[in-house]
Amino acid sequence: MSTTEKAARVLKSLKDEEWRTLAGVERASTGYGTPDAGRLSRMSRLPPERVSFATGDLERKGLLTRKGQGFALTREGVEVMALKDYVKKDLIFALGAIIAKGKESDVYEALSEEGSAYALKLYKIGRTSFTSVRKKRAREDAAFRSWMTANYEAARREYHALRKLEGLSPSFPRAVAYSRSTVLLEEVSGVRLSQRPGLEDQSGALGVILGLMRTAYMVAGLVNADLSEYNILTDGASFWLIDWPQAVDASHPNGNELLMHDVKSVTSFFRRAYGITVDPQKGFDYVTGRSQALE
Ligand SMILES: Nc1ncnc2c1ncn2[C@@H]1O[C@H](COP(=O)(O)OP(=O)(O)OP(=O)(O)O)[C@@H](O)[C@H]1O
Ligand SMILES: [Mg+2]
């Protein structure tokens with residue numbers, strides 16, 4: 001059973017005191033560090049003996065762990081709080097099957113009561129899982145920050161980037177909400193472009209994708225900064241650009257460099273996979289509006 005499945009299972013068994021204790025540990029951890037029992041008792045406004053009951057139970061359920069004199073949340077602890085948040089807001093009522101297990105996140109199907117299917121992305125960024133240039137830089141910035149902060153930040157950043165893209169095209173999945181290290185997304189269909197599926201309009205596809213990058217850049221002012229065949233989904237006819245936590249503003253000092261990197265990733269994939277050639281500089285000029293068309 002994955003951490004997320006454990007979190008979902010344990011959700012209903014938690015008592016009010018346990019929720020308050022979890023919330024106290026979370027508040028302390030995102031602030032000054034790992035709270036000891038005394039501080040936790042003040043923060044959760046519970047008598048010390050109740051706190052020690054709660055921490056014992058939470059430890060047994062795998063939601064808290066001891067760290068020196070204090071307590072820290074586990075990944076399950078973080079995820080159970082996020083799930084509770086979505087349930088309380090009536091956004092989801094059940095967790096479905098796992099959709100994908102990535103290096104930096106696990107993605108589950110989640111269902112609303114009305115039957116909408118969401119993709120719930122749960123970040124699990126660790127010290128060694130950063131890959132792209134941009135993400136390495138982000139790691140340096142965050143070097144002294146905790147696992148928690150990095151994952152909370154990724155979820156928040158992805159949510160805000162997708163909100164900027166909302167309504168511009170159905171090819172940007174809608175972000176419904178975020179909580180802790182998780183972001184709740186509209187579920188889209190399709191497989192990764194990296195699997196080289198057959199495309200209805202092979203020669204038009206690259207233009208469509210560059211056109212979406214152009215919309216993101218020119219209308220929302222965003223560069224994805226990690227775009228490649230792995231972060232594009234397709235059903236053969238439509239395309240979806242996903243995975244936006246590292247997106248930067250077009251005005252970012254390295255914005256042009258990051259955009260050129262994205263353009264080159266996409267054009268080089270189309271050359272290798274489908275034998276379609278577009279000069280990256282032409283792609284870049286089109287995406288940034290320096291030219292009106294690709295040719
Ligand atoms: N909105 C969505 N709807 C349906 N499936 C999705 C959605 N978002 C992500 N996925 C699935 O989850 C996978 C991983 O998503 P994403 O690329 O955003 O995360 P990641 O942490 O970068 O994962 P990886 O390390 O594998 O690249 C996608 O390839 C896709 O299969
Ligand atoms: Mg990805």
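**Entry 1**

Helices (H or I, at least four residues) and strands (E, at least two) are DSSP runs, numbered from the N terminus. The model is predicted, so local features need pLDDT of at least 70 and side-chain atom pairs count only at pLDDT 80 or more, whereas totals for chains, interfaces and linings use all residues. I also noted that residues are numbered from 1 along each chain as its sequence is written, that chains are lettered from A and ligands numbered from 1 in the order in which they are written, and that side-chain values use heavy atoms, with hydrogens and water left out.

I read the backbone of Asp243 next: its phi is near 70°, a positive value in a residue other than glycine. Most residues other than glycine have a negative phi.

Which protein donors does the magnesium ion (ligand 2) have? I found Asn231 (OD1) and Asp243 (OD), lying 2.2 Å from the ion. Donors are N, O and S atoms within 2.8 Å of the metal (3.2 Å for Na, K and Ca); water is not among the atoms, so sites may look incomplete. Asn231 sits in the loop between strand 9 (222-223) and strand 10 (232-234), and Asp243 in the loop between strand 11 (239-241) and strand 12 (248-249), so the pair, twelve residues apart, links distant parts of the chain.

Buried means under 20% relative accessible area, exposed over 50%, and partly exposed in between (1.4 Å probe, protein chains only).

**Entry 1: Arg196**

I noted a positive phi of about 55° at Arg196, although this residue is not a glycine. Arg196 lies in the loop between strand 8 (191-192) and helix 8. Arg196 is partly exposed, because its relative accessible area is 42%.

**Entry 2: The whole protein**

I recorded ten helices and twelve strands in the protein. The C-alpha atoms fill a box of roughly 70 × 40 × 30 Å, taken along the principal axes. Of the 295 residues, 52% are buried. I then turned to contacts (heavy atoms within 4.5 Å). Among contacts between residues at least 6 apart in sequence, 63% join residues at least 24 apart.

The 17 residues of helix 8 (residues 202-218) should span 24 Å, and the end C-alpha atoms are 25 Å apart, which agrees. The buried residues of helix 8 include Leu206, Ile209, Met213 and Tyr217. What covers the buried residues of helix 8 includes helix 7 (147-165), helix 9 (255-274) and helix 10 (280-287).

Helix 7 has 19 residues and reaches 27 Å from its first C-alpha to its last, close to the 27 Å expected. Among its buried residues I listed Met148, Tyr152, Glu158 and Leu165. Gly167, which follows helix 7, has a positive phi near 85°.

**Entry 3: Leu259**

I placed Leu259 in helix 9. Leu259 counts as buried because its relative accessibility is 2%. What does Leu259 contact, leaving aside its neighbours within four places in sequence? I found Met213, Tyr217, Val223, Phe284, Val287 and Thr288. For Ala97, I noted a separation from Leu259 of 162 residues in sequence and 34 Å in space, C-alpha to C-alpha.

I found Ser29 in helix 2 (residues 16-30). Ser29 counts as buried because its relative accessibility is 17%. The side chain of Ser29 reaches the backbone oxygen of Val25 at 2.5 Å.

Helix 4 (residues 48-60) has 13 residues and reaches 18 Å from its first C-alpha to its last, close to the 18 Å expected. I listed its buried residues as Val51, Ala54, Thr55, Gly56, Asp57 and Leu58. These buried residues pack against helix 2, helix 3 (37-44), strand 1 (64-67) and strand 2 (70-73). Gly62, which follows helix 4, has a positive phi near 80°.

How do helix 3 and helix 4 pack? I noted an angle of about 105°, with their axes 9 Å apart. Axes are lines fitted to C-alpha atoms, for helices over the stretch in contact, and angles run from 0 to 180 degrees between N-to-C directions. The two helices are therefore roughly perpendicular to each other, since angles of 65 to 115 degrees count as such, under 35 as roughly parallel, over 145 as roughly antiparallel and the rest as oblique. Ala37, Leu40, Ser41 and Ser44 in helix 3 meet Pro48, Val51 and Thr55 in helix 4.

Technical notes. A polar contact is a pair of N or O atoms within 3.5 Å; within protein, one must be able to donate a hydrogen and the other to accept it, and residues adjacent in sequence count only if both atoms are side-chain atoms. The expected span of a helix is 1.5 Å times one less than its number of residues.
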